[in-house]
There are 4 protein chains.
Amino acid sequence: MINLYDVPLFMADDAEPGDSMKGKKSGHDSEKDGIIYSRLKNGSCKLYELEKELSPLDAIRVRRVYIEQETGTTLENIGIFSLDIERVVKRNCENMIGTVQVPVGVAGPLLIDGEYAQGRYYLPLATTEGALVASVNRGCSAITRAGGAQVRILHDGMTRAPVFAADTIVHAKQVADWVATHRDDLRGVAESTTSHGKMTDVVTYIAGTSVFVRIEFDTKDAMGMNMVTIASAKVAELIAEHTGARLIALSGNMCSDKKPAAINGIMGRGRSVVAGISLSHELIGQILKTDARSLFEVNYRKNLVGSARAGSMGFNAHAANVVAAMFIACGQDAAHAIDGSTCITTVDLTDSGVYISVTLPSLPVGTVGGGTGLETQQECLKILGVAGSGNPPGTNARKLGEIIGAGVLAGELSLLGALAAQHLARAHQQLGRG
Amino acid sequence: MINLYDVPLFMADDAEPGDSMKGKKSGHDSEKDGIIYSRLKNGSCKLYELEKELSPLDAIRVRRVYIEQETGTTLENIGIFSLDIERVVKRNCENMIGTVQVPVGVAGPLLIDGEYAQGRYYLPLATTEGALVASVNRGCSAITRAGGAQVRILHDGMTRAPVFAADTIVHAKQVADWVATHRDDLRGVAESTTSHGKMTDVVTYIAGTSVFVRIEFDTKDAMGMNMVTIASAKVAELIAEHTGARLIALSGNMCSDKKPAAINGIMGRGRSVVAGISLSHELIGQILKTDARSLFEVNYRKNLVGSARAGSMGFNAHAANVVAAMFIACGQDAAHAIDGSTCITTVDLTDSGVYISVTLPSLPVGTVGGGTGLETQQECLKILGVAGSGNPPGTNARKLGEIIGAGVLAGELSLLGALAAQHLARAHQQLGRG
Amino acid sequence: MINLYDVPLFMADDAEPGDSMKGKKSGHDSEKDGIIYSRLKNGSCKLYELEKELSPLDAIRVRRVYIEQETGTTLENIGIFSLDIERVVKRNCENMIGTVQVPVGVAGPLLIDGEYAQGRYYLPLATTEGALVASVNRGCSAITRAGGAQVRILHDGMTRAPVFAADTIVHAKQVADWVATHRDDLRGVAESTTSHGKMTDVVTYIAGTSVFVRIEFDTKDAMGMNMVTIASAKVAELIAEHTGARLIALSGNMCSDKKPAAINGIMGRGRSVVAGISLSHELIGQILKTDARSLFEVNYRKNLVGSARAGSMGFNAHAANVVAAMFIACGQDAAHAIDGSTCITTVDLTDSGVYISVTLPSLPVGTVGGGTGLETQQECLKILGVAGSGNPPGTNARKLGEIIGAGVLAGELSLLGALAAQHLARAHQQLGRG
Amino acid sequence: MINLYDVPLFMADDAEPGDSMKGKKSGHDSEKDGIIYSRLKNGSCKLYELEKELSPLDAIRVRRVYIEQETGTTLENIGIFSLDIERVVKRNCENMIGTVQVPVGVAGPLLIDGEYAQGRYYLPLATTEGALVASVNRGCSAITRAGGAQVRILHDGMTRAPVFAADTIVHAKQVADWVATHRDDLRGVAESTTSHGKMTDVVTYIAGTSVFVRIEFDTKDAMGMNMVTIASAKVAELIAEHTGARLIALSGNMCSDKKPAAINGIMGRGRSVVAGISLSHELIGQILKTDARSLFEVNYRKNLVGSARAGSMGFNAHAANVVAAMFIACGQDAAHAIDGSTCITTVDLTDSGVYISVTLPSLPVGTVGGGTGLETQQECLKILGVAGSGNPPGTNARKLGEIIGAGVLAGELSLLGALAAQHLARAHQQLGRG
């Protein structure tokens, strides 16, 4: 554990006594710090060059102090962290000045009946939104009492879609035809770049002279954007070379990464997950304090009709809350909550009560790479039993996908239930009045 | 600073010596912990009830140990944090077991020429995605050399849209008519719930028998969802009482919160921000290592044509990366990155080079409330000079909106530039071959 | 009534006896025809110049014969029509060669309880799709027996949105601000161009340096695109003059005309219409041969969930069929069926059965101008009692909007009913098997 | 040619002299007419039952007179037509009262360089919108002078997607798995229903418990909705039988028919067509009276940025105008203009000028069946050389698809050119002022 704030910048003499953490400063060179700091001030050293001159920890410390000076602030807490900083500055974050601490609560236990996730799970949720964990927790409770969330992975494949410029639409079609007839060649160069991934599909889309080649990979336990991007570069090169099309950008937005996009919903991207649970009339009354009809009506008017009327791609109540909170806790790329949260929530009226489901067609998750190796994030993955590679490879990431799907179901169930209970309460009140 | 892991759970005797932090445990009652722990095991105490029995810190500690035991894990790092836990457990996170540490890097300085943000800013970005900070930093550098990002707030208003059920479409129209003729009454009850906010608009949408009343508030420096939700409850009650329409849900998804939705793009939600910068041919060559035409073509084929072809709502390269990273750093609700990142990026060819812009119609940000009070997050806000309420109220949140808008511009500029430079390099290479 | 085919082209002697229509040729000059024809062949006369040289009828005749010769076809039927050709060639169609005859069937009587349409109506439907009229007819029957379709106009306003180029986003905001503070001036020049229309709104949208000014008109009984376009030209000129923004195009696609667009759904365009009907369990069984639950489920899974899953803007079964057929019959612009048919259909479960509704936010219809004056089309409008201007102006077009809305309701009801009846039949069959 | 109006209804004595057409009444039985008419009045005969009692022509006549009486109108022109009414009343239109005449103009010649369409074509456009034909004609002229429109069919397949209800999401996945492993069986029953069509694909989509099976057919020269619907019924029956899923509706809106839907854009539906043309600076100046940069800028700000900002699925200027006009002229289903017109128009800046393209991913067209057999409509198809079945089958429909694609290109080019020319004129004017 490091508390950079306790490490004096220029002069050890300045240090205030009182915290033994200072003992950890272990011999850093204050004079050197001072020189570097002066160079930052006069512009002869850039903020991002500090790691060239200093150890990672010293670089962070000097940079943080520089920012304090420049902005007239005191950044005491940002400098406290326990991450293995050597790795972080190489892999996860440049120009680092410390960390923010995001509170983590647990919801659960959540009983899950998936193909990969089987059993009871505690969901780590990193959030600053009061009531969220409590709400998900209530949903977990209902699901667990109802026998556990059913979950399935419907499709699995990470995509990248380079865009090429053809000279004419005739040329564009020739490019598409070439791709269609050279799938094996493309797979060959694609898979030559990775020891793990498998190219599972390649589809071409044309818009005038723009040709988009959407390459899909089974990326095993990795979320896989890097893997598929590197492979796509090779694929794109081969296509450009043989067709004469100009490669404009390795990502042509038909991937589509970190943007809400119909193509992800329709074709799937990352792990496509569906989860569902049957709730009896009795349970709906006991746990959710409402009834099947009210639960149904909230979903119908809000998530279906309301979203349709709003021109929305999100036919759900608050899937993003669970996706974002679990992504941050588990070291996923938080910006992937955008595509990850495009969810359709349904509430079917059944003879015995309701059947509630969530469908998440494009959940990009992984258990290796990215932020999954950070100590705190990895602990969250461990809570779920999915840290690192699965056996066989891919099973951990799919398990994580299933768990998040079940978590979203818990969140939806809980919020719909709360809205329905209020609705029911008002209905009773109104009846009482009359 | 707290390191819960150093605090022995049941028996002080078990404690290993070596860290003075243990001195901070200040008399916690191990025996009581043990009893509680047993009750958790036998189910007579729920995880969320710990705070009723124990101090916040002890509750977190016991809960974390319980999770460790249940899941067979060692959660060493999650227990390390420096946040003021009393406030966090009340306002930000239930069932807390600790925090995750998200690395924060800074990009900048970024020169901004807004109505609220004026000057040079260092952007705190909380991310685990390697290369992101470096990329944004490069964009900041280009913008600053080009004279600074122009930014404007186009609209400002947080919304909530309760959904009502009318008996018939005739009734539905009567509800809409009643709302239209009682705006002052509605404003009255709405504003009675808040000392800060002002109701700025109320619009009714009908879909069959479902009536959506979209209430808009000037929420000053708060992001404002809570404020507008509380006010909407009162408004909704009044509408239900006078029209006989049944209130189905306080949020009817025409708000639209944390979902990508056309209504937010068209009507605006939160702070609607636009930012732009003119880059000369010279700068494009020097900093971005490409030319105006290539920069334009990447944006044209990727962000415009590609996104259109993908059925996307995101006509940008990676706005979500900057929005998510700044949201997490600055204590914003991370799930708001979904609506916050629906951005249109344009690159206009001009005589002198290009003019690049980003338009973010629905950026929900605040500088008070939510996660903005957490120590590390508040430090990030301080770096930007926007912690707490502005003077006059609202100016800090708008300033934050402008800064994030400028940050997104830096991110777009940098990624488009990188893609264009690769494109240009390949073009030269191909020419060289021929 | 004209049968051009009976009129000999070059030589009257060639004419076969037998049809008194030839009496109508009334002295056309075959020699002149021959000369013109030769000039067409050698390119010294263009097809569109025929009206300069010949009477409208002769021009059509010569042009048709020319096309016959060029394409080796015999165009006997196209040359038969009874329209007042002088007006048609001036107002409705250039380079005319005749007409196509589109079969018109009637559905009804349909009992309507609107604000403008009150009573029983026979809907003229121009279609070549077998079973459509029969289907709508069945829906009319159900609605009429159920007491009549409730219909309301929710909003009324035709729009045009010119797009301007600003130099920078700062300039763009200045343009928006100028528009916001000069609404009266803009209204003045807008209304100076028309004796009928009233400018009801002007809203500005910005995307980077592109500024879209959406101008809304009450166009009374006209569909109004021409009216609002002419007015917009004046408005745009004034804006360009005072702000220095460059007018790029009189239509900037935020209008949005003849394209499916969320902005039309959210803001409304043309006549925004909602229609609904309550069906009792008894009627559902008797007329639709199904039950409430089946009717509901078809709508739920098909029109709501299915459309959401498809990334569709059309949450309905076949609104386009009725809109297109009535548009063609009634002289509306058939391409307006695109925006006119973006409909949300709902089926609410009620205690007494179901309440079915359709919501058409952007139905562009008129009873004067365009194709409404053509003899056959005008007869269709007369069947509905809405030919020409209403008293007061606007009431006829709104009445037509209400009738089409009710017609769409009939079509939806009928198709959903048919699907549900099949579903029910299969369910019974399956039960029977077991 | 029939003019029903000249045929007296009840009493020949009532007939006014003056038109020899009356000679054609050829012995219809006025007395019977009178009896039937009375039965219509007293409700013992329904409008749709007339064909059971009377000849098609008499039925139409009596029905028309009945409508005249009921609505107090005179429907003189609707009764004039030359269609072979026996076939029409069986196949195309129930409850027929006559026809509307839609003016047909021709645009062209349009030089086309497709795989199926090769040569010069005159496009028949049925429209009442003045200036449309002239505009398209100008576009044809520009394209022809520029060497002809390049056109290609990218994909060809008509789809139908029944929706099933599964009990749970686990069951839903089982259904999808069953379909995936029984494609040959499904193809077998599907193709057993047709002597022409071939099943080319079957894809399953899940949303909770709703399972959508999208079946794709090569329907040769038919537009094919009927063919694929009949086949889908058999396929659906097999699926229901073997999986226990309940078939809810033969169309589950993932087809997606006559609604704007992303799935059609992404997967293609009907004939997916792309067309393009290169225009030199010289031609742009001569024919379009503008320059490359202006042409580009109109498309950029209007069709790309404007449509993105409007939340539109239509990234074009007025594709719907050409699609609707050609559909009506050529006997296509006019409601298919909705899906048929979702077009992306691009204008690329090139060294020599511009390259303009249109991409129409879901153009549902056929040359047999539907309204293609009506005399006037068939004449329009003959003008294009595509009436009836092609050799080999499918080539005529594809040729029609190519021609319409080229026609849309002409329309876009012309309107963009007109807008750009105005823009340029204003620019010059402004310069002149200064």
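**View 1. Four salt bridges are counted between chain C and chain D.** A salt bridge is a side-chain nitrogen of Lys or Arg within 4 Å of a carboxyl oxygen of Asp or Glu. One of them joins the side chains of C:R246 and D:E297, with 3.1 Å from N to O. The model is predicted, so local features need pLDDT of at least 70 and side-chain atom pairs count only at pLDDT 80 or more, whereas totals for chains, interfaces and linings use all residues. Side-chain values use heavy atoms, without hydrogens and water, residues are numbered from 1 along each chain as its sequence is written, and chains are lettered from A and ligands numbered from 1 in the order in which they are written.

**View 2. Strand β3 of chain C and strand β3 of chain D run antiparallel.** Each strand comprises residues 96-113 (strands are DSSP runs of E, at least two residues, numbered from the N terminus). Nine bridges join the two strands; strands pair if DSSP finds at least two bridges between them. Within this pairing, C:P103 stands opposite D:T99.

**View 3. The contact between the chains takes 120 residues from chain C and 120 residues from chain D.** Contact means heavy atoms within 4.5 Å. The buried area is about 9500 Å², of which carbon and sulfur atoms give 59%; this is the accessible area (1.4 Å probe) that two parts lose on being put together, summed over both. In chain C, the residues that lose the most area to chain D are C:V100, C:Q101 and C:R301, together 8% of what that side buries.

Definitions and conventions: Helices (H or I, at least four residues) and strands (E, at least two) are DSSP runs, numbered from the N terminus.
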